[in-house]
Amino acid sequence: MIKNEFFIDYSRCIGCEACVQACGECDTHRGVSLIHLETIERRDSVQTAPQVCMHCEDPICAQVCPADAIKKTPDGVVQSSLKPRCIGCSNCVVSCPFGVPKYQIDVDQMMKCDMCYDRTSVGKKPMCATVCPSGALTFTTMQDIQRTRQGVPVNEWKFGAEVVHTKVYVMVPPEMTRVDIGLIQIQTTAAALPSDPYDVALMLES
Amino acid sequence: MWGLLATVSLIGGIYIGSRGLRDFDPALVSYAGATLFAAFGLAYRFSMWLRRPPTRLYWYRGWQIFTKRGSLGKNLAHLFEIFMSNFIFQRFIERRSHMRWTAHWFLAWGCLLAGAITFPLSFGWIHFETATSSQEIYRAFLFGIPVGQFPVHSVIAELAFNALDIAAMMVLIGVFTALWRRGRDHGAMAVQQFADDLMPLILLFAICVTGLFLTASTHLMHGLHYTFLSQLHAVTVIVTLVYLPFGKFFHIFQRPAQLGVDFYKRAGKEGEQAVCIRCGNEYGSRMQMDDMKRLQAALNIHYQLKDGSHYQDICPKCRRKNLALTQDSMWKTLVEKGEGS
Ligand code: SF4
Ligand code: SF4
């Protein structure tokens, strides 16, 4: 059987929020949207980017969890916290290199993307990738992505000295094999700009 | 070592509590034996669990904050409050769904009631005798000390002798509600596993049904097949006791950690807050971020960035933005090199 993989291409995102809506329809966490959609630098651009769980090979979220509440399925999907175990400490929230888990205050638990396990475990596409109109989130075969995109998919990341391998791929320029993360500062800080009490972008940012 | 210690302590407790085994009921020896095995397994697994660096961190921090000088009184009051809400009423489960809460509440309290009766009984810590003066009076003993008496035909007697049936009915309500939910909720169906999620329900169901059969055999069928049924019931209980440390039931012993985390979070809120080095916003307690750095060092996670900053000092939101910007900058570098299309 040809295997589908998940590919993320931040630069294709048009900020339509279809993924945000679709995520809330997922049966494993109905009514709660877990995907992140960030506006990158609201004052300067309309750039947005989605973030799903990258399903790390050796998930840091699980390593730092005191309750042993985060488990990986045999097919490499890192599940949301096990409800009887999660004690809501947020270690995973503040340690995940991709900023994925969400602490849900009402139920005192962490919840995160589980790649729509109810769907992907039976061969269907995840909700977000099904509705994404721009291909920022794509669930398809390796051959298909190589045929249709300029970039190449990679799944190796470096955060400082920490190398992380993920099940989800990101599209990068050809010949690159890894994403090296350094801190990219905010270009225009609020302090550098004249204060404007009606600056909606700034209000939304904070 | 902790496993052995727990087993030896329990043997000591049984010996002393049953007054040198004088009150020990030999018919219940298999239950006591399985409980000893469960105690060993539980203590062993608990000690292994505590050896994990993140668990150990919260264990020490939780106790440290709880017993901090000058705050003990306040902490005890808060402990009572969260104990009532999280343990007695299990409100956090209710907020997930009413059906899940109904199932869990009946299962939990049915099991606790049954456990509160059967463990002391099988250890010989409580026993009942008819009074020497009258066959119509029952006397209850705790650790060999008489603690009360009641007429055989009274409401108290009915409750006392049918308490296990009441517990079984509670557990059965819980089992059926849980099965109903698990059979209809597509999300639960996708992630549930037989050994972890269904097996415990099947075991509890088996205990309850065989237990209720014993009552039925006694009261309705003149003791028909009583010996066989009691052996069958013993098998179901023993299998569950043996399963206790390894399966889902272990969460009963793990869960109180939530109380420690509650104290940790409160102390974190009252203390200094961590500020993101990218956006300048607060995103958690300084204490937790510092603890995370120590924890990551213990786990061989190396988040120090090339520019000397630490990835832990960037808030999750900025991490996500940073990822997209990094991808951008990769394409930008390519374009600047003149290699892009
Ligand atoms: S991306 Fe974050 S939440 Fe997802 S598996 Fe990796 S560490 Fe865990
Ligand atoms: S919030 Fe839950 S899943 Fe996350 S680290 Fe804490 S206990 Fe584990």
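## Interface of chains A and B

The contact (heavy atoms within 4.5 Å) takes 70 residues from chain A and 60 residues from chain B. The area buried between chain A and chain B, that is, the accessible area (1.4 Å probe) that two parts lose on being put together, summed over both, is about 5600 Å², and carbon and sulfur atoms give 57% of this area.

The model is predicted, so local features need pLDDT of at least 70 and side-chain atom pairs count only at pLDDT 80 or more, while totals for chains, interfaces and linings use all residues. Residues are numbered from 1 along each chain as its sequence is written, chains are lettered from A in the order in which they are written, and side-chain values use heavy atoms, with hydrogens and water left out.

## Salt bridges

Across this interface of chain A and chain B there are 4 salt bridges, each defined as a side-chain nitrogen of Lys or Arg within 4 Å of a carboxyl oxygen of Asp or Glu. One of them joins Glu38(A) to Lys317(B), with the closest N and O atoms 3.0 Å apart.

## Aromatic rings

Over all chains the structure holds 32 aromatic pairs, counted for rings of Phe, Tyr and Trp (its six-membered ring) with centres within 6.5 Å, where planes under 30 degrees apart are stacked, over 60 edge-to-face and the rest tilted. The ring centres of Trp59(B) and Trp63(B) lie 5.9 Å apart with planes at 75 degrees, so this pair is edge-to-face. Trp59(B) and Trp63(B) also belong to one aromatic cluster, whose members include Phe46(B), Trp49(B) and Phe263(B).
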